[in-house]
Amino acid sequence: DANALHPKNQLASIVPMEGPSHVDDAVCAHDVEASKGTYRTTPSALHRMGAFSMPRASAPPQPLSPGCLDPHGADAGAGSVATPSSSTAAKVDSWDNSKASDAYPGFKSDAWGTFKARAEHRAGIPLAPPSSKGRSASIPKPQLRTGHVPVLLNETLDALLAPGLPGIYVDGTFGRGGHSTQILKRLPAGGRLVAFDVDPSAIAVGRELERMDPRFRIVHRPFGDIGEVLAGEQLAGAMIDIGFSSPQVDEQHRGFSVCEDGPLDLRMNPQYGVPVSQWLLGATAEEVAWVIREWGEDDDPVMALRIADAILEKQRQCGPYTSTLDIAEVIRRTKFGLDDRGQHPAKLSFQAMRVFINHEMQQLMAFMEGAAPLMQHGARLVVITFKRPEATIVKKFLREHELPHPFLESSLDSQRLAELYPLLQTSKRFSVRQACPALVPTHAEVVINRRSRSSMVHVLECLARSSDKDRACSCDEARPLQEMFRRPMSLWRRTG
């Protein structure tokens, strides 16, 4: 029967569920992607249906090993139906089973490895072969990706090059040259392009492009150093693509993916700073929770606290983290395998630690503050963001550098204007305005490139500001932002 072979029906036969099933076909089926003869699987509904709390190890602390979380053994699946071993079954104590059974009717008392292997085997979905390829795989040689199409490419280039100004353009995040190669094709006569990156692999690719096109220059510095590197230059436009590039996700040895084994590093430049695994050794639960809440689980502070405690407790019991899969499994179990966004439960925590360890938000603000004073009148500052914290930083910079609306300027006193428009408290020689609403990908682009679904292009136009314009008021007269809000009294009253 064809219906009986459908993955969703196979799943229903394994996991009895109360009420109508909400397992979506596209979610139930893994996004199995063939790559050079191997399969890579991304988290499915099965991963989000786990009901495990943190295991309590009775053994004394020891180095973290596959025996502690077993990311490549039964828990990862082995292409055939696995049987629960004594070590695996010991991880799920009676408290876990009873609590999970009460909270999740579809929970089975089998070990997670057996549950996952049986479900995927009966659904007919290929499983990733157990291996530690993330630790042993050879590092691929970086290449210039002239055929690579970045997200919102045409929208970004149209916005950046619309003024048609001659001079120097900047690509703050070179990556593998996806944006830079296309900018060079459309560069105005006499224009030049300077690109920044800290990834040694990206720099190697940039050197190759330098030899191919004399108009191009690659700088091995953080993009936040743009004000220092290009001091005294007049920029015709600048763009930046926040976050890590697709090649970095695809390269397992970099450890950026929650689904692939690799070292717990997360640094863009492995020659600078410390890896996340080392930072965690000296971090407190409060510090880890702050990072996860600030840049990851920003709408769930209690979960950020739980994840922080779970990460450090597992580290105390089993020793330093050496694998991305180890810490991803701890986070997944702490969240009961669930995520409201339909993504891997550990993704937001990985994002938060990556942002923190690379100072991404500070670098983004430094890039905009360094580039804007160098811009020609009418030049565009284009920022591609993927997450809400990144978009918030862009909006903060915009609000701090806007000139007053004519209506408010003619209606309000100088002190109030300075509170609403912080630029008036400074003597900066430039202002910024939003050139158009943020640009988002079309449905067709999201279908082709799923990673573009949350991307947005923010287009800011830099304008020269009159040097003889007096400040509206001194800085000490303007109230802090938090003091300008007050909760009103409730209008609700009991009736009857």
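Colleague: Which residue is the bridge partner of Gln-434 in β9?

Modeller: In this predicted model, Gln-434 has Leu-460 as its bridge partner in β9, and Arg-433 is bridged to Glu-461 of that strand. These bridges belong to the pairing of strand β8 (residues 430-434) with β9, which is antiparallel and extends over five bridges. Strand β9 (residues 456-464) also pairs with strand β7 (residues 375-385), again in the antiparallel sense, over six bridges. There Leu-460 is the bridge partner of Leu-381.

Colleague: In which order do the strands of the open sheet stand?

Modeller: The general idea to keep in mind is that side chains alternate between the two faces of the sheet in a regular strand. Here seven strands form an open sheet with mixed pairing, in the order β5-β4-β3-β6-β7-β9-β8. Because β5 and β8 stand at the edges with a single partner strand each, one side of each is left without a neighbour in the sheet. From one strand to the next, the twist averages 20 degrees.

Colleague: In which sense do β4 and β5 pair, parallel or antiparallel?

Modeller: Strand β4 (residues 192-196) and strand β5 (residues 216-219) pair in the parallel sense, over four bridges, and Val-194 has Arg-217 as its bridge partner in β5. To go from β4 to β5, the chain passes through helix α11 (residues 200-212), and this β-α-β crossover is right-handed.

Colleague: Which strands does helix α10 lie across?

Modeller: Helix α10 (residues 178-186) lies across β3 (168-171), β4, β5, β6 (235-241) and β7, and it runs at about 175 degrees to β4. Helix α19 also packs on the sheet, where it touches β3, β6 and β7, and its direction makes about 165 degrees with that of β7.

Colleague: At what angle do the axes of α19 and α20 cross?

Modeller: The axes of helix α19 (residues 360-371) and helix α20 (residues 388-400) come within 10 Å and cross at roughly 30 degrees, which means that α19 is roughly parallel to α20. Their crossing is right-handed. In the contact, Met-361, Leu-364, Met-365, Met-368 and Glu-369 of α19 meet residues of α20, including Pro-389, Ile-393 and Phe-397.

Colleague: How are the axes of α15 and α18 set, and at what angle do they cross?

Modeller: For helix α15 (residues 285-295) and helix α18 (residues 347-357), the axes come within 8 Å and cross at roughly 105 degrees, so α15 is roughly perpendicular to α18. Val-291, Ile-292 and Trp-295 of α15 make the contact with a set of residues in α18, among them Leu-348, Met-353 and Phe-356.

Colleague: Finally, where is Gly-167 found?

Modeller: Gly-167 is found in the loop between α9 (153-161) and β3. Its C-alpha atom is separated by 5.3 Å from that of Ala-236, although the two residues are 69 residues apart along the chain. Leaving aside its neighbours within four places in sequence, Gly-167 is in contact with Gly-190, Gly-191, Arg-192, Ala-236 and Gln-376.

Key:
Residues are numbered from 1 along each chain as its sequence is written. This is a predicted model: local features need pLDDT of at least 70, side-chain atom pairs count only at pLDDT 80 or more; totals for chains, interfaces and linings use all residues. Side-chain values use heavy atoms; hydrogens and water are left out. Axes are lines fitted to C-alpha atoms, for helices over the stretch in contact, and angles run from 0 to 180 degrees between N-to-C directions. Helices (H or I, at least four residues) and strands (E, at least two) are DSSP runs, numbered from the N terminus. Angles under 35 degrees count as roughly parallel, over 145 as roughly antiparallel, 65 to 115 as roughly perpendicular and the rest as oblique. Contact means heavy atoms within 4.5 Å. Two strands pair if DSSP finds at least two bridges between them. A crossover is right-handed if, with the strands pointing away from the viewer, the path from the first strand over the helix to the second runs clockwise. A crossing is left-handed if the near helix is turned anticlockwise from the far one by less than a right angle, and right-handed if clockwise.
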